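The following exercises are to be worked with the sequence and the coordinates at hand. Each task is followed by a solution in steps.

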Amino acid sequence: MPELPEVEALKDFLTEHLVGHEIVRVLPVAISVLKTYDPPLSALEGHEVAAVRRYGKFFDVATADGPHFVTHLARAGWLHWKDRLPDGPPRPGKGPLALRVALETGSGFDLTEAGTQKRLAVYVVGDPQEVPGVARLGPDPLADDFDEQRFAELLAGERRQLKGALRDQSLIAGVGNAYSDEILHAARMSPFKLAASLTAEETKRLYAALRDTLTEAVERSRGVAAGRLKAEKKSGLRVHGRTGEPCPVCGDTVREVSFSDSSLQYCPTCQTGGKPLADRRMSRLLK
């Protein structure tokens, strides 16, 4: 799933390629992707793109004097830029293409979604805050006013494990499964440590890991073309998706805990005092 760094890079890419251009056609292929109906998709047509913004994992294409095109790419969605779109409308079918946006230049982008779980979402709204997922977002962890004190206040009294807390979009916007693994590895903390149990020193360390990990990932992604962002993300990950490989810090073997629809990766030496985590859905540290 694209997370904050990749969506930030997509925002920059789309700002360069969309702003100042007119949307001439919006062509839905998979109707399930559209989560709003008033205003219709056609309300975007004829409007110039004024800005592209990011809200957590959502990106917002704002038109001048018109509606906003807000998208969440979900787990298997992606954006594919085309300097020249194919002639003629796309044909509905069983392929991954979900929606096409065309500009007056003949360029534009496709939204696609692989797999059978269709969660890619498109909203056409007068204000991004009308999108429920945007309205419930917590603070952006890279915002200038997101300081250590605010982070500590968010975690105070939080009885969930750190992994779950970091992924909660209503607590902190933009962090998902991959970067929560990376942040906890950088902070040298177990994913199952309770957020409320952190000492002041641990909170400071986790805050630094959060900001540094996301900032570095954004910098790696900056200027990378949309089609190469997935590969760039994977190349920069130290533990996530690297089960069985050596930890780049200590050399121990990266291990995994599997759940019903996801998994996490961690280094026992760096994060759990050398103790492996039980690989079951209700995982706890082995005693």
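**Exercise 1.** Locate Asp65, describe its backbone, and decide whether the residue is buried or exposed.

*Solution.* Step 1: Asp65 belongs to the loop that runs between β3 and β4 (68-72). Step 2: although Asp65 is not a glycine, its phi is positive, about 60°. These values come from a predicted model. Step 3: the relative accessible area of Asp65 is 81%. Exposed means over 50%, so Asp65 is exposed.

**Exercise 2.** Identify what follows α5 (177-187), and classify that residue by accessibility.

*Solution.* Step 1: Arg188 comes after α5, in the loop between α5 and α6. Step 2: Arg188 has a positive phi of about 60° and is not a glycine. Step 3: the relative accessibility of Arg188 is 47%. Exposed requires over 50% and buried under 20%, so Arg188 counts as partly exposed.

**Exercise 3.** Characterise the surroundings of Ser190.

*Solution.* Step 1: Ser190 is placed in the loop between α5 and α6 (200-221). Step 2: with a relative accessible area of 9%, Ser190 is buried. Step 3: leaving out residues up to four places away in sequence, Ser190 touches Leu162, Leu184, Gln271, Thr272 and Leu277. Step 4: a polar atom of the Ser190 side chain lies 3.1 Å from the backbone nitrogen of Phe192. Step 5: the C-alpha atom of Ser190 is separated by 34 Å from that of Val131, which is 59 residues away along the chain.

**Exercise 4.** How many residues of α5 are buried, and what covers them?

*Solution.* Step 1: of the eleven residues of α5, ten are buried, and the helix is mostly covered. Step 2: the buried residues include Tyr179, Ile183, Leu184 and His185, and also Asp181 and Glu182. Step 3: the cover includes the helices α1, α4 (162-167), α6, α7 (229-236) and α8 (268-271), together with the strand β10 (263-266).

**Exercise 5.** Describe the packing of α1 against α6.

*Solution.* Step 1: the distance between axes and the angle between them describe two packed helices. Step 2: the axes of α1 and α6 come within 8 Å and cross at roughly 40°. Step 3: this crossing of α1 and α6 is right-handed. Step 4: on the α1 side the contact uses Leu4, Pro5, Glu8 and Ala9, and on the α6 side Leu214, Ala217, Val218 and Ser221. Step 5: sorted by class, the contact of α1 with α6 has six nonpolar residues, one polar and one charged.

**Exercise 6.** Which elements build the largest nonpolar core, and which residues touch the most other members?

*Solution.* Step 1: the core has 33 residues, and those that touch the most other members are Leu14, Leu18, Phe69, Leu99, Phe109 and Leu111. Step 2: two or more residues each come from α1 (4-18), β1 (23-28), β2 (49-55), β3 (58-63), β5 (77-82), β6 (97-103), β7 (108-113) and β8 (121-125). Step 3: α1 supplies the largest share, six residues. Step 4: apart from this core lies another, of 26 residues, among them Phe146, Ile172, Ala217 and Leu237. Step 5: Leu99, leaving aside neighbours within four places in sequence, is in contact with residues including Val26, Leu41, Phe69, Phe109, Leu111 and Val122.

**Exercise 7.** Determine where Pro39 lies and what the geometry of the peptide bond from Asp38 to Pro39 is.

*Solution.* Step 1: Pro39 is in the loop between β1 and β2. Step 2: omega of the bond from Asp38 to Pro39 is near 5°, and the bond is cis.

How values were computed: Residues numbered from 1 in each chain as written. Predicted model: local features only at pLDDT ≥ 70, side-chain atom pairs only at ≥ 80, totals over all residues. Heavy atoms only, no water. Core = buried A, V, L, I, M, F, W, Y, C linked by side-chain atoms within 4.5 Å. Buried < 20%, exposed > 50% of the residue type's maximum accessible area, 1.4 Å probe, protein only. Helix = DSSP H or I, 4+ residues; strand = E, 2+ residues; numbered from the N terminus. Contact = heavy atoms within 4.5 Å. Polar contact = N/O pair within 3.5 Å; in protein donor to acceptor, adjacent residues only side chain to side chain. Axes fitted to C-alpha atoms, helices over the stretch in contact; angles between N-to-C directions. Left-handed = near helix turned anticlockwise from the far one by under 90°. Nonpolar A, V, L, I, M, F, W, Y, C, P; charged D, E, K, R; others polar.
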